[in-house]
Structure formats: structure tokens, C-alpha cells
Amino acid sequence: MKTTDELIRTYLSDLKAALRGADKATVQDALADAEEHLRTALENELAENDEVTESEVLRSIIQDYGEPAEIAQAYRSWEAALPPALAETPAARRAATQGTGTTGRAGNAYPGFFGVYADPRAWGGLVYMLISIITGTLYFSWAVTGLATSLGVMILIIGIPVTIIFLLSFRGLAFLEGRLVEALLGERMPRRASFTDSSLSWRERLKILLTGKATWLSWIYLILMLPLGVIYFTLAVTLLAVSLALIVSPILSYGFNLPIGTVVNGDVIWQLPAYYTPLFSVLGVGLATVTMHLARWVGRIQGKFAKALLVSD
Amino acid sequence: MVDLQETHKKFQKELSSGTVSLALLSILVQSDEPLYGYQIGKLVGAGDEEGVMVKQGAIYPVLRSLEGQGLLASEREMSDSGPPRRYYHATDIGSEVLETWTATWQETKTFVDNVLGGKYQ
């Protein structure tokens with residue numbers, strides 16, 4: 001006779017198997033939904049009626065919930081109907097209707113060099129690059145402080161609760177970052193925090209928290225966001241500033257008589273004639289557009305990176 | 001050879017994809033308080049066995065899809081015992097959308113009833 005815990009675990013692993021090949025984040029959501037439902041239902045039904053055994057009740061609950069294959073099918077079809085924010089690009093829709101590819105690369109959706117300005121993913125990527133210096137700094141400081149404090153107080157009696165709080169906060173921050181990544185970069189990330197099995201004792205839960213891959217991958221991600229944030233922010237700001245300066249150079253040159261295109265080589269000062277400055281404008285527009293392409297590319301890579309580290313298998 | 005059960009399943013699946021959204025949205029607009037998945041599942045299945053169009057497990061992706069469209073909103077709350085629960089409630093837009101969906105449903109229903117009743121013969 002299987003215990004209810006075993007039955008639930010079997011159901012979840014069957015559901016996971018039935019969802020093989022689906023998006024990792026979808027699988028995580030589906031498992032969390034199922035576990036919440038089965039445990040809540042079991043608790044409620046047992047309270048109402050105490051004549052039947054736990055496993056009998058659970059079997060009927062599972063029957064009402066649906067076969068793993070059926071439920072997996074429901075998640076797949078609803079997931080296909082609701083892509084993550086920004087993922088609904090013309091190319092994705094075309095790809096979906098023609099049955100080619102899955103999400104359709106945004107690059108095809110906004111063709112041509114200048115099409116990038118119409119692509120929400122490029123703008124999302126740019127915003128992400130600009131704010132990542134703030135989020136990156138916060139994540140890094142919190143991750144380092146948290147771990148250092150936890151290690152420091154470990155020998156004291158308050159060590160365990162402090163460590164638990166910090167480890168949980170790493171998971172929480174990672175979840176929030178996932179929401180940010182989905183909103184700005186269009187990469188499907190978990191929409192629910194991962195499920196903690198409430199039937200486990202606090203010792204077992206602590207063990208999972210301490211030794212779980214998810215905790216430490218989240219921590220590593222938080223740490224890495226500082227250097228990445230600095231690089232992203234610097235790139236975005238520098239490129240935008242240079243582009244803008246180039247674009248407005250005719251105004252500065254003709255309107256304000258500022259020396260544009262001056263090269264100082266020792267005592268020799270070489271001044272480019274002002275009528276060259278419109279060329280600089282063209283160059284500036286080109287550079288700004290390249291920056292947008294870069295932002296879109298960075299967004300795509302960062303999305304993949306976040307998914308690899310923050311979504312557990 | 002036509003697999004009757006397979007045909008029936010396929011038809012039911014196609015039919016249910018819109019109606020389940022309508023039913024869930026309607027339940028949440030009518031409800032005075034936020035509900036969590038298990039309660040909604042109970043309500044869906046509460047009529048009688050014949051009325052059940054959807055397995056309880058299949059309502060969760062629909063709820064999430066409705067939330068993604070802004071028709072529902074949800075909060076996660078801890079429960080005294082057992083796992084945390086996600087409580088759903090309808091948004092103002094959700095209530096508005098329900099009115100247009102209800103009108104569409106009434107039209108569809110009248111149309112199908114008429115066809116089935118032989119009105120256009």
C-alpha cells in the first residue's frame with residue numbers, strides 16, 4: 001500500500017514525464033499547481049469525511065484532477081495560446097500557423113536594418129541593460145552580505161534562522177528577476193515560485209534548501225549580475241551617448257560654433273570643415289541602430305542565461 | 001473505421017476551450033470573495049457528473065491564461081496548514097469582458113439550437 005505522499009510523488013513524476021519537451025517554466029508551473037491542488041484537496045476531503053482511508057480519498061481526488069497525459073495536453077495547448085509578454089511577434093505568429101519553429105526569432109519579425117526600432121524586444125533589452133546596473137549591484141550586495149553573515153553567525157544559536165532567511169531570500173530574488181526577464185526580454189520564466197513540500201519536516205526542508213541546486217545557482221546568478229550589469233550599462237550608455245553626440249554634431253557646429261572634428265596632434269591642430277558634420281549625423285544614426293541590434297541580442301542571450309540558471313529541471 | 005470515442009474527445013476538446021474560459025470567468029465574477037483552484041474545481045464539478053466539461057487539473061492553465069489577459073488577478077496566501085494557495089478574483093476588465101462573452105454565448109446558443117432544431121430546413 002502506497003502512502004499518500006508516495007501517490008502524490010508518483011503522480012507528479014508521471015505529469016513531469018508527460019510534459020517532456022515542454023518549456024521548463026511551464027513544467028514547473030504545472031507541477032506546482034498539481035501539488036497545491038492534490039494536497040489542499042486531500043486535507044479538505046479528509047476533514048469532511050473520516051470513514052475512508054487516506055489513499056482511497058487521494059485516488060478519487062487524482063481521478064477528478066485528470067490523467068497526467070490529459071493535464072499535460074491542457075497545459076501544452078493553453079501555453080501555445082498564451083505566449084510570454086513580447087513574444088507575440090509577427091514572425092512567431094507566422095511560424096505558429098505554418099507549424100515551423102516554435103517561438104520564431106524576433107530578427108525575422110522586424111526585417112531590415114532599421115526594423116529593429118519597431119521591435120519591442122530591442123527596447124526591452126535596452127531598458128534591461130540600463131537598469132541592470134542597479135539590480136546587479138543590489139543582487140550582488142545582498143548575495144555577498146547574506147552568505148557572509150550566514151557563515152559568520154553559524155556557530156551561534158541564531159545561525160540557523162538567519163541562514164534560512166538569507167537562503168530563502170536568494171530564491172525569492174531569483175524569482176523576481178525571472179519576472180523581470182520575462183517582462184522585458186520575453187523569455188518564458190516561472191510564473192509561480194517553486195513548490196515546497198509541506199509534509200517534510202523542517203530538517204528535510206532545510207537540507208533541500210542548503211543542498212539544492214536551485215539555491216546555489218540562484219546565488220551564482222545574483223553574483224554574476226554585478227559584472228554583467230556593469231558591462232551592459234556601460235555599453236548601453238556609451239553607445240547611446242556617442243550616437244547622440246554624432247547625430248547632433250551639425251547643430252553644435254553650425255548653431256553654437258563648437259569645433260567638431262578637431263584633432264590635436266602636439267602643436268598641430270587640425271580642424272575638419274563644418275560641412276562634414278552631416279556625415280557624422282548619418283554615422284550617429286547608424287551607430288544608434290547598431291546599438292538597438294546589440295540590445296536585442298544581449299536580451300536574447302541574457303534570457304537564455306537566466307533560464308539556464310534560474311529554472312530548475 | 002471511425003473511432004467514435006476519439007471523435008467525441010476531439011469534439012469535446014474543441015468545444016470546451018472557449019466555454020471553460022467563459023465558465024471560470026463567470027464563476028469568479030459572481031463570487032463575492034477570491035477563490036483558490038481547489039474551490040473553483042469543486043464549483044465546476046458541483047452541478048452533476050454530466051455537467052462536468054473539464055477535469056479539475058485542466059482549469060489551472062485556463063486560470064493562468066485569463067490572468068495573463070488581465071481578466072483575473074491573483075494573490076498567493078499561506079494557509080494555516082498545507083501548501084500556500086493562489087486566490088483568484090475577477091478584475092474590472094474581467095467583469096466587462098464577461099458581459100460581451102455572455103452575449104456571444106447567447107447568440108451562439110440560439111444559433112446552434114436553431115440549427116439543431118431544424119429551423120433552417
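**The nonpolar core**

A: The largest nonpolar core has 43 residues, and A:Leu15, A:Leu38, A:Ile61, B:Leu24, B:Ile59, B:Val62 and B:Leu63 touch the most other members. A nonpolar core joins buried Ala, Val, Leu, Ile, Met, Phe, Trp, Tyr and Cys through C-beta atoms within 7 Å. Buried means 20 or more other C-beta atoms within 10 Å, exposed 12 or fewer, partly exposed in between, with C-beta atoms placed from the backbone. The model is predicted: local features need pLDDT of at least 70 and side-chain atom pairs 80 or more, while totals for chains, interfaces and linings use all residues. Residues count from 1 along each chain as written, chains are lettered from A and ligands numbered from 1 as written.

H2(A) gives this core the most, 6 residues. Helices (DSSP H or I, at least four residues) and strands (E, at least two) are numbered from the N terminus. Another core lies apart from this one, with 30 residues, including A:Ala25, A:Leu173, A:Tyr232 and A:Leu310.

Now zoom in on A:Leu38. Leaving aside neighbours within four places in sequence, A:Leu38 contacts A:Ile8, A:Tyr11, A:Ile61, A:Ile62 and A:Tyr65. Contact means C-beta atoms, placed from the backbone, within 7 Å.

Next, the chains meet. Chain A brings 24 residues to the contact, and chain B brings 17 residues. On the chain A side, helix H2 (24-48), helix H3 (54-65) and helix H4 (68-81) each supply at least two residues. H2(A) has the largest share of that side, 10 residues.

Terms used:
Contact = placed C-beta atoms within 7 Å.
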